[in-house]
Amino acid sequence: MIFPALILGVCVPALAADPIRVGEFASLTGASASFGQSAHKGTELAVEEINAAGGVLGRPIELITEDDQSQAGQPATIVRKLISQDKVVAVLGEVASSKSLEAAPICQQNKIPMISPASTNPKVTEVGDYIFRVCFIDPFQGTVMSKFARENGWNKVAVLTDVKQDYSVGLAEFFIKDFLANGGQIVREQKYSTGDKDFKPQLTSIKASQPDAVFVPGYYAEVSLIAKQAKLLGLKVPLLGGDGWVGDSLLKVAGKSLDGSFFSSHFSSDDASPLVRNFVDKFKAKYGEVPDDMAALGYDSAMILAEAIRTAGTTDSGPLRQAIASTASHAGVTGRITLDAQRNASKSAVILTIGDGGFRFVKKVEP
Amino acid sequence: MIEFLQQLINGLSQGAIYALIALGYTMVFGVLRFINFAHGDIYMLGAFAGFYTAPKLLSLTGGGPSYEGAALVLVAAMALCAAAGVIIERLCYRPLRAQPRLTVLIAAIGVSLFLENGGQFFFGADPQAFPEIIADSAIELPASWGDFALLTLTVGQVIVIGSTIVLLAALRTVVMHTRTGMAMRALSLNPLAASLMGVNTDAVISFTFAIGSAMAGAAGILTSIQQPSIDPLMGINAGLKAFVAAVLGGIGNIPGAALGGVIIGVLEALVVGYINPTYRDPLVFAVLILVLLFKPSGLLGKAEREKV
């Protein structure tokens, strides 16, 4: 078990040069540990590659990672520490939108650029011009599953939202807006909180409304239990979800009960492009497992930061911010990344389905 | 109507869990006049005991989920929790018996925090997947029941409710029809008189803790059958709700604990299903406040008059 302590990224010094300190905050332990562990592995792999190739501007990158233990309140504390004590030039994190929203104002205030690998709630980059993300946002992600549902003829959908997570609330809102605007019907809306273990009352209510599908834009820990209990209660319709489903315990806990469900995501490890295959091979060689979205996005976020430092020629906050903001057509493993005026990435999403103990690619959806 | 009955069944199976945990609170209070705040964490220990022993025990009964295997896991968890309860009592509460009530109460809070954080240290803070000890599935009700055939009853729910009834009956037998049970009842009436009558106070108290903890351990296993995601902090919420259940039924009253558990479980299911899931916890704790304001002795408790 990784203890919630300071983990210093060890870097290969190209010269005995002054390292560039980059901070990372992630949920390495706790309920959403899968997110943090994956993102961290991807980021670490990127930093290793960068340093092995000589670093940036002749200096190695020193990755300083802190664990927020999946707990609210922790991101603020550790980001403050990274900025004031470790004097990092930029911050990478977090996956969960609620945690990014906690840390963003602190980075903005201190004029330290922050790049979130996977937070999709639009409010994150609205905090200020020093906050960036390398993934798509929920107004787009909501439409992806809404369109998919209608294409499959599922016109009556029930929605089960996690009220404790900004991500879940936002994604549900965008899904519902798009679904209703295109003639669909939301037959029931139910809620739960992160950390809940029993969903039978909500699922019983949803079952009574006879939906064609159920949209569950939550995180993997609860989704796995929801799927299991839904099957037990005889709710046989497919479940639909978002990128929050991507977690290692999802299938371990849910078993076969998620077979035939669909979710939108950033990355498919089956992608045949050479860039992705190269990344997957290197990741497997280093960690012995196939990378998921969060790992791929962590990798891209670190690569984009490095490129921006190179472009700016300095780690000073103003020019660095400018360089990150002008990232265009970066060839990332999650697609071509261009940051728009709102500092969000306009990218395609992939829809994956679950079966045979793993995820399978269904289709790509362009914005 | 069907939806309502379904929610009742959901509430009943959750309420059974609360009832089992509440028994521990109520028995310890009855005998020692002290709320064991660490009791909810014994429930968590039961779940983890099952998590670690299940693979070996299931392999003894043929490898996969089975009723015999599940029974073995249940007994193992109950035994381990009983031992844990006795050890905690011996080390942390017995030395403080002569101290003011507040001291041992704070010690209990300390034990609770120790178990939770120690659990995070030893078991890891991430939720773990509890192994499948019973192949849970929905039971097909006969079509001749008409509309009622639409109800979904799962094997897990039947086992939880059935096991709870069996354990409650066993407890009642022990308390009402054995000498040790009589000693427990005597101790709860008047400790000094009981010891003057030859009751081994220390042994009976240890026995009370053992039984209460065993019930909580059983609750931990039964819960994990339906909600197979366990983590070291799972005892906090369940322990609090069970405590409310014990107070609702009448703290110190064993049938009261069972009744309180069922009421809280059903109330939760109805609030979540019909009103708003976010009101679930506030409502349960509102019940606690109302009970203490209007009938502090609980539904089945008798107001004790202190004769001066």
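Helices and strands in these notes are DSSP runs, numbered from the N terminus. With that settled, I opened the model, which is a predicted one.

**Entry 1**

I began with E94(A), which sits in the loop between β4 (90–92) and α3 of chain A.

Next I looked at the loop between α2 (74–84) and β4 of chain A, where I found K87(A). K87(A) is not a glycine, yet its phi is positive, about 50°. Is K87(A) buried or exposed? I counted 11 other C-beta atoms within 10 Å, and a residue is exposed at 12 or fewer, so K87(A) is exposed.

I then turned to Q210(A), in the loop between α7 (200–208) and β9 (213–215) of chain A. Its phi is also positive, at about 55°, and Q210(A) is not a glycine. Q210(A) counts as exposed because it has 12 C-beta neighbours inside 10 Å.

**Entry 1: strand β2 of chain A**

Here I wanted to know how covered the strand is. β2 (residues 20–26) of chain A has six of its seven residues buried, so the rest of the structure largely encloses this strand. I looked for its partner and found strand β3 (residues 61–67) of chain A, paired with β2(A) in the parallel sense over seven bridges. One pair I noted down is R21(A), which stands opposite E62(A) in β3(A).

**Entry 2: the nonpolar cores**

A general reminder to myself: in soluble globular proteins, nonpolar side chains tend to be buried together. In this model the largest nonpolar core has 117 residues. V91(A), C107(A), M114(A), V214(A) and L305(A) are the ones with the most contacts inside that core. Which helix gives this core its largest share? I found that helix α11 (residues 293–312) of chain A does, with twelve residues. Both domain 1 (7–136 + 272–347) and domain 2 (138–265) of chain A put at least three residues each into this core.

Leaving aside neighbours within four places in sequence, V91(A) is in contact with G23(A), F25(A), V79(A), L82(A), C107(A), I112(A) and M114(A). Apart from this core lies another, of 89 residues, with V73(B), I88(B), V204(B) and L222(B) among them.

**Entry 3: the two domains of chain A**

I went back to the division of chain A into domain 1 (7–136 + 272–347) and domain 2 (138–265). Taken over C-alpha atoms, the centres of domain 1 and domain 2 of chain A are separated by 29 Å. How many residues of each domain take part in the contact? I get 17 from domain 1 of chain A and 19 from domain 2 of chain A.

On the side of domain 1 that touches domain 2 in chain A, α1 (33–52), α3 (97–109) and α11 each supply at least two residues. α3(A) gives the most to that side, with three residues.

**Entry 4: where chain B meets chain A**

Now for the contact between the chains, which takes 22 residues from chain B and 26 residues from chain A. On the side of chain B that touches chain A, α1 (2–32) and α10 (254–275) of chain B each supply at least two residues. α1(B) gives the most to that side, with five residues. By class, I wrote down eight nonpolar, eleven polar and three charged residues for the side of chain B that touches chain A.

I checked the length of α10(B) against expectation. Its 22 residues at 1.5 Å a residue should span 32 Å, and the end C-alpha atoms are 31 Å apart, which agrees. α10(B) is mostly covered, with 16 of its 22 residues buried.

My last stop was L300(B), found in the segment after α11 (280–294) of chain B. L300(B) counts as partly exposed because it has 17 C-beta neighbours inside 10 Å. Not counting residues up to four places away in sequence, L300(B) touches G249(B), G250(B), N253(B), P255(B), G256(B) and L259(B). L300(B) and G249(B) are 51 residues apart along the chain, but their C-alpha atoms are separated by 5.6 Å.

Definitions and conventions:
Residues are numbered from 1 along each chain as its sequence is written. Chains are lettered from A and ligands numbered from 1 in the order in which they are written. This is a predicted model: local features need pLDDT of at least 70, side-chain atom pairs count only at pLDDT 80 or more; totals for chains, interfaces and linings use all residues. Two residues are in contact if their C-beta atoms, placed from the backbone, lie within 7 Å. Helices (H or I, at least four residues) and strands (E, at least two) are DSSP runs, numbered from the N terminus. Ala, Val, Leu, Ile, Met, Phe, Trp, Tyr, Cys and Pro count as nonpolar, Asp, Glu, Lys and Arg as charged, and the others, Gly among them, as polar. A residue is buried if 20 or more other C-beta atoms lie within 10 Å of its own, exposed if 12 or fewer, and partly exposed in between; C-beta atoms are placed from the backbone. A nonpolar core is a set of buried Ala, Val, Leu, Ile, Met, Phe, Trp, Tyr and Cys residues joined through C-beta atoms within 7 Å. Domain bounds come from an automatic or database domain assignment. The expected span of a helix is 1.5 Å times one less than its number of residues. Two strands pair if DSSP finds at least two bridges between them.
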